[in-house]
Amino acid sequence: MHGEATAGDLLALDRVRELLRGAAVPHDIAWSPGFRPEGPSLDDTRPGDYSHLLFVCGPAHGPQVEDLHRRYRDCVRIAVGNSVLDAGDPAVRGFHHVLARDAPDTVPTLDLAARAPVPPAHPVVGVVLTHGQHEYGPRRRHERVAEAVTRWLNGRDCARLELETRLDRNDWRLCTTSGQLESVLTRCDLVVTDRLHGLVLALRAGVPALAVDPVAGGAKVTAQARACDWPALLPAERLDAAALDRWWDWCLTSGRALARRTADGFRRDGRADSAEGLLRLLGTSR
């Protein structure tokens, strides 16, 4: 009502909406202004316009729920898909009907989210950004790049997954081996990165990378994109939403096949890397 919304909350709502639409029951939805500022919120509704109030999902508990009973006192109030902690709670007793998913001394029922309509698939986007690399001194544009990229990503309809190439045995949020990180990357549809290894590891996994070089004039990200023959690169100086949009579309279409070919090429062709001359040097030194 006045707080956050979870994915489960919205799927539960979708399940109820599906039933109401199927039965041709007209209804309105009041959104939390913290989640959907454009509304409508409860404050935008007139209780006298409604015959029923549905409280969907979440715990039937607390002062916010009790406020509903006062505000909509002339409506038939129904709780559906809720957790009941205490059947004697005023928040529970204020409903005319409670169709709980779980309550003391009752058999639990399936959560509403389980049978909700299946939403359309969305791209899974790994995001690998850095705020470090101070060795580049005044050429650093890392903060500006990260702010622009994350602001742009927030407007894309995708599943964002923040990733870190740093490995750590003591931090459960981070991978501990490169194989673990590669397993995550292979499940992404796209990687957005301003890191050299964000670019290389994405392509190694056969996943297109939308790369931004965060160093003015270009540095190692630009150099590596060139070494990989990878075109989806933007310099910090020409970073804008329109350019990001163009490369986003390319990465999710033509870029998929090129990323797979690039990964195959890493494994099969004779493309040189900086280790090529190592054995010769070692041989010379013996």
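1. Contact, as the word is used in this note, means heavy atoms within 4.5 Å. The model is predicted, so local features are described only where pLDDT is at least 70 and side-chain atom pairs count only at pLDDT 80 or more, while totals for chains, interfaces and linings use all residues. Residues are numbered from 1 along each chain as its sequence is written, and side-chain values use heavy atoms, with hydrogens and water left out.

2. Helix α6 covers residues 196–204; helices (H or I, at least four residues) and strands (E, at least two) are DSSP runs, numbered from the N terminus. Which residues of α6 are buried? They are Leu-196, Gly-198, Leu-199, Val-200, Ala-202 and Leu-203, where buried means under 20% relative accessible area, exposed means over 50% and partly exposed lies in between (1.4 Å probe, protein chains only). The cover over these buried residues includes β4 (124–128), α5 (178–185), β6, β7, α7 and α9 (254–268). After α6 comes Gly-206, which has a positive phi near 80 degrees.

3. Strands β4, β6 and β7 also belong to an open sheet of 5 strands, which pair in parallel in the order β5-β4-β6-β7-β8; two strands are taken to pair if DSSP finds at least two bridges between them. At the edges stand β5 (159–162) and β8 (233–235), and because each has a single partner strand, one side of each is left without a neighbour in the sheet. On average, and with direction ignored, neighbouring strands of this sheet are turned by 20 degrees against each other. For background, strands of a sheet pair through backbone hydrogen bonds, either parallel or antiparallel.

4. Within this sheet, β6 (residues 190–193) and β7 (residues 209–213) run parallel and are joined by 3 bridges, and Thr-193 stands opposite Ala-211 in β7. Helix α7 (residues 220–227) packs on the sheet, where it touches β7 and β8, and its direction makes about 140 degrees with that of β7; axes are lines fitted to C-alpha atoms, for helices over the stretch in contact, and angles run from 0 to 180 degrees between N-to-C directions.

5. Asp-229 is exposed, with a relative accessible area of 56%. Cys-57, in the loop between β1 and α2 (63–71), likewise is not a glycine and has a positive phi of about 70 degrees. Is Cys-57 buried or exposed? Cys-57 is buried, since its relative accessible area is 5%.

6. Cys-57 is also touched by Ala-12, a residue of helix α1 (residues 7–22). With residues up to four places away in sequence not counted, Ala-12 touches Val-56, Cys-57, Leu-112 and Ala-113, and Ala-12 is buried, with a relative accessible area of 0%. The loop between α1 and β1 (52–56) contains Pro-40, and the peptide bond leading from Gly-39 to Pro-40 is cis, with omega near 0 degrees.

7. A nonpolar surface patch of about 310 Å² is formed by Leu-278, Leu-279 and Leu-282. Such patches are made of residues with over 30% relative accessible area and no salt bridge, like charges being joined within 9 Å and nonpolar side chains (Val, Leu, Ile, Met, Phe, Trp, Tyr) within 5 Å; a salt bridge is a side-chain nitrogen of Lys or Arg within 4 Å of a carboxyl oxygen of Asp or Glu. Accessible areas come from the Shrake-Rupley method with a 1.4 Å probe, and for residues only the protein chains shown count as cover. Leu-278 lies in helix α10 (residues 278–285) and is partly exposed, with a relative accessible area of 45%.
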